[in-house]
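Notebook open, viewer open. I want to write down what I look up as I go, entry by entry.

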Amino acid sequence: MQTAVANILAQIESVVIGKPHQVKLALSCLLAKGHILIEDLPGMGKTTLANTLALTLGLSYQRIQFTSDLMPADVIGIAIFDDVTKSFLLHPGAIFNQVVLADEVNRASPKTQSALLEAMEEGRVSVDGVTHQLPEPFFVIATQNPMSHAGTYPLPESQLDRFMMRLSLGFPNIDAERKILQATSSHRDTTDIKAFLTVEQLREIQLHISQITVAPAIIDYVIALCRVSRQAESQAKALSPRAGKALLAAAKSWAFMENRDYVIPDDIQAVFSPVCEHRLAPQQHHIFDEANELSQHILSQVDPINPLP
Amino acid sequence: MNGRGMSNAKSKNSNKHSSKSIILNSKLFFALLVLQLLNLLTLVTQFHWLYILFASIALATQFVVHVKAMRQALLNASINQTSCYYSAPSILPSWAILLLAIAGSVAIAIAGRELGLLLSMIHLLCFAYSLKVFEITKRKDLYQVVVLGVFVATSSLIFVQSIYFSLAVIVLVFANFIILLRFFAPSMLLLTQIKLLIKLSLYAIPFAVVLFVAFPKLSPLWQVPKAKAAKVGLSDQVKIGDIAQLALSNELAFRVSFENSSPAHAQLYWRALVLDDFDGITWQQAAQSNRLRQQQGNNLAHLSNASNVENIVLRGEGIAYQVIAEPSFQSWLFALDFATSEQANIGQRSDFALFYHGIISQTISYQVTSYPETILAPELTPSMRSLNLSLNSQSNPKLTAKAQQLRQRYSDDRALINQLLTDFNQNNYYYTLQPPSIQNNSLDEFYFQTRAGFCEHYASAFTYLMRAAGIPSRMVVGYLGGEFNPNGNYLSVYQRNAHAWTEVWLPEQGWQRVDPTAAVDPERVERGFSSDLMQQYADLSSGMFSMQPLKTMQWYKQLKMQIEAIDYQWTRWVIGYTGQKQSQLMKQLLTRLTQGKVMEYFLLCLASVVLLIIAYKVSAVRGKKHHEIKQLYLKTLALMSQHNVVKEHAMTGEKFTAFIGENRPELLVDFAVISDCFQKYSYQNSSDEHNKSSLNHDLSILKYHYRRLRWHLWLAKLGIK
């Protein structure tokens, strides 16, 4: 199980060069059954990362480019009258895939956004009164561009909350950039990417992750972190219990990637910023400025050894 | 060169000092100033005018300087701010403050002779308070200012103990503490802070009660100054018309609660003092009996003696009651005839009045038992007889003539007295609070012409007539009746209840009370003021701000009654809880405790409390299974931080181990064992797989490593590899 994960990581890192940490976070998010929001400038490899993730996990995949004239029907699908059967048949939209890449999700109208986000939450869609189950597993990887806000519809807080993690890739370092520039083709051929997992294996891993030990001390730590965010003088939005759950799930997944069957505070700290930053400060984009993140401030206020003295 | 070096060092020092000084919100500074003003105001009536001058100058300077500093800081701060932060500007250099302090202390010491010990101490305290505000450079200074403020505010309770004032002072003390809360939790809402403060003070209440009840009450080292306090109420010299002025006073004289039922209104003659010397105008205590009184004061006629006084025939059942007297700045006490008291600080005079050893400068309470049927002085000594017959017969010749005429007509004393009282009743004598003015206080003029007067007029004229007729008699001044408060079940006697009556000595029957006022206006005696008099009284007292319409409302009366009842209980239980009562209570408790079973119950209670505490501790330990290992880990961290190996607050155990591996590799072996064990116990197993023995085993190993770690740390500190 661990070797499969290591292989997956190695393959993604060979495509998304110089970002092992973000790759690992993204993978752990998917293994924890969470959706990802990747927020970065254009050309930083958002789409590449999403693409590679989907293909490596061996899942069906489709990409939707969100534009301002995208309709909910384009995402979900539409029921069309069939001459042969004399009945309405669903023409499934892009969302009927195991991995959906919603590119530039903030460009679409709120109506379309909410169609997608509802599907993310419920795991099923309704067309003309008929409910259709979405495939399992189901991941949404959305990207958005923090710059050039003209003509965008920023996701409201309630919908941001549905993404387990918000990631940003950031600029590569010199070595990585050199490798990227030296690569022969502008786009790596996606046919090279092998699927390392079957759906059954993926489910097995997810089950294993859900069984990872979480000691009371860890629960205390999560509670303490949430409580710090709720204090009156905190500038941050308060972390909800749902945020705490997401934090624990992500930390379990991270512990699994670290080859442990129990969670330690380091796991919480590793995933705290991607899991909580967009919940603490939904309207701010500290993409290049980790030190100023509210999540770092909150982390610094709790002693993991003795979280609730 | 050297000098310059010195000065450089000094300036560096001062720089360091200023950089250390605390920075506070401007609102906090102003709150400090306002609170100082309020704290000092509680004592303002006690201050010497020079100190008031000093304090106001100091406060004004502070205020001006802070307004300037705030403006400066606001200019530097961003625009939309109503408050700003700055460190306290230094107004006076520290040597100037020192000089001022010395000068002020010397001045207070010099003025101390005039002020007395207590007041000079209070002046010293307030002076320090005024000066301390000039140097708020460190956090410590802020604490001191706040604590001084609390002291100043509470010391005002030495002088005034009424419930309203006490409440006000308590609120003020709370306000002082709010300053500290605002300092420590500036972003907390004011409402939350107040709630927190109330919660904390609720915790403090049990301690306060225990201290109040059980902490030994030392008698104060000081005497509350009496020079300033105006004498209130009756005085020991009575001229005609004196009491009429008192009759307009709503001030409280004393309050009484009877243990059983209270006697009828007409029986409530509260004796305060006996006046037996009359010079034609003024009644006063005779010099001769004064001397007697002093002797008795020295002999301390207590109850044990008093009941043995030969002059007394104790009869009938006693009425027990407690009296709470307001400060009168006199020494006499109030009681019904014939009163006895067991209290050591109360004495009895030969004229059967009670007195207090000292001046009543604070509210005091005392327990009295009265025997109304007692015969007072069946035998009259010749000296007493002559004293109570002495008369300046030239002062009122007409009255003297009238008395002699009566004497000739009635040989029996009783008959003569009855005739006189009938005269008062039948002829047109009026009882009024506004008697027409009388020339030279002539009793003749009153008796034969104006015929309108107050109790004093009647008592005075009656006593004069008695003496002129050869019956020993004297004037008694005190209070009559009182107002019953059903809410608190007690009787309040006001200054307006002041009264004067006559005592006549009849053979075999002793001193008999005769109240000529009762003959003139029986309602006055039966029920207090008659409705007619009440109207007069209302007319007299209603000024521009008359509360008359309010006073007639029922709810207002009810409320007033209720508040007065609370005030009474406060005075009775809180202020009346003196050192004497305390020692009595303690004695009772102790004797009860030592009496067999109570002691057992007490021990049982104690044991159960101890058991509860132990049970709580054990359960707390059980609740956290790996408690001990965590404790050891925390202990290790504390030890490391003592040796400058500090874990950052948010650093996890894993990272700290790595940190030590990098920086202090010699400690890694031992620390890693402890840290790993801690991690194993706290994160790895949520279920209780580990039995107790393995835990103990691990603990002993950890302790070994802890000692080794400590050893290594010491070695490293001493520089030994």
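**Entry 1: an exposed loop residue**

I started at B:N644, which is exposed, with a relative accessible area of 70%. My cut-offs for that word: over 50% is exposed, under 20% is buried, and partly exposed is in between, with a 1.4 Å probe and protein chains only. B:N644 sits in the loop between α24 and α25 of chain B. Helices are DSSP runs of H or I with at least four residues, strands are runs of E with at least two, and both are numbered from the N terminus. Phi of B:N644 is near 65°, a positive value in a residue other than glycine. I noted that one down because most residues other than glycine have a negative phi.

Ground rules before I go on. This is a predicted model, where local features need pLDDT of at least 70 and side-chain atom pairs count only at pLDDT 80 or more, while totals for chains, interfaces and linings use all residues. Residues are numbered from 1 along each chain as its sequence is written, chains are lettered from A and ligands numbered from 1 in the order in which they are written, and side-chain values use heavy atoms, with hydrogens and water left out.

**Entry 2: chain B overall**

I looked up the totals for chain B: 27 helices and 21 strands. It has 721 residues, and 43% of them count as buried. For contacts (heavy atoms within 4.5 Å), I took those in chain B with a separation of 6 or more, and 73% of them come from residues 24 or more positions apart.

**Entry 3: where B meets A**

The area buried between the two chains is about 1,700 Å², and carbon and sulfur atoms give 59% of it. Buried area is the accessible area (1.4 Å probe) that two parts lose on being put together, summed over both.

Across this interface I get 7 residue pairs in polar contact, both residues at pLDDT 80 or more. A polar contact is a pair of N or O atoms within 3.5 Å; within protein, one must be able to donate a hydrogen and the other to accept it, and residues adjacent in sequence count only if both atoms are side-chain atoms.

The partners are B:K647 and A:D303, with the closest N and O atoms 2.7 Å apart. Both B:K647 and A:D303 are buried.

**Entry 4: B:T652**

Back to the loop between α24 (627-642) and α25 (653-663) of chain B, where B:T652 is found. Is B:T652 buried or exposed? It is buried, at a relative accessible area of 0%. Leaving aside neighbours within four places in sequence, B:T652 is in contact with A:P265, A:D266, A:Q269 and A:P304. With A:D266 there is a polar contact of 2.6 Å between the side chains.

**Entry 5: other salt bridges**

Over all chains the rule counts 22 salt bridges. A:D267 is buried at 1% relative accessibility, and A:R260 is buried at 15%. In chain B, B:D413 pairs with B:R407 at 2.9 Å between the closest N and O atoms. B:D413 is buried at 19%, whereas B:R407 is partly exposed at 24%.

The peptide bond from A:E136 to A:P137 is cis, with omega near -10°. A:P137 lies in the loop between β7 (130-133) and β8 (139-144) of chain A. Phi of A:K33 is positive, near 60°, and A:K33 is exposed at 54%.

Terms used:
Salt bridge = Lys/Arg side-chain N within 4 Å of Asp/Glu carboxyl O.
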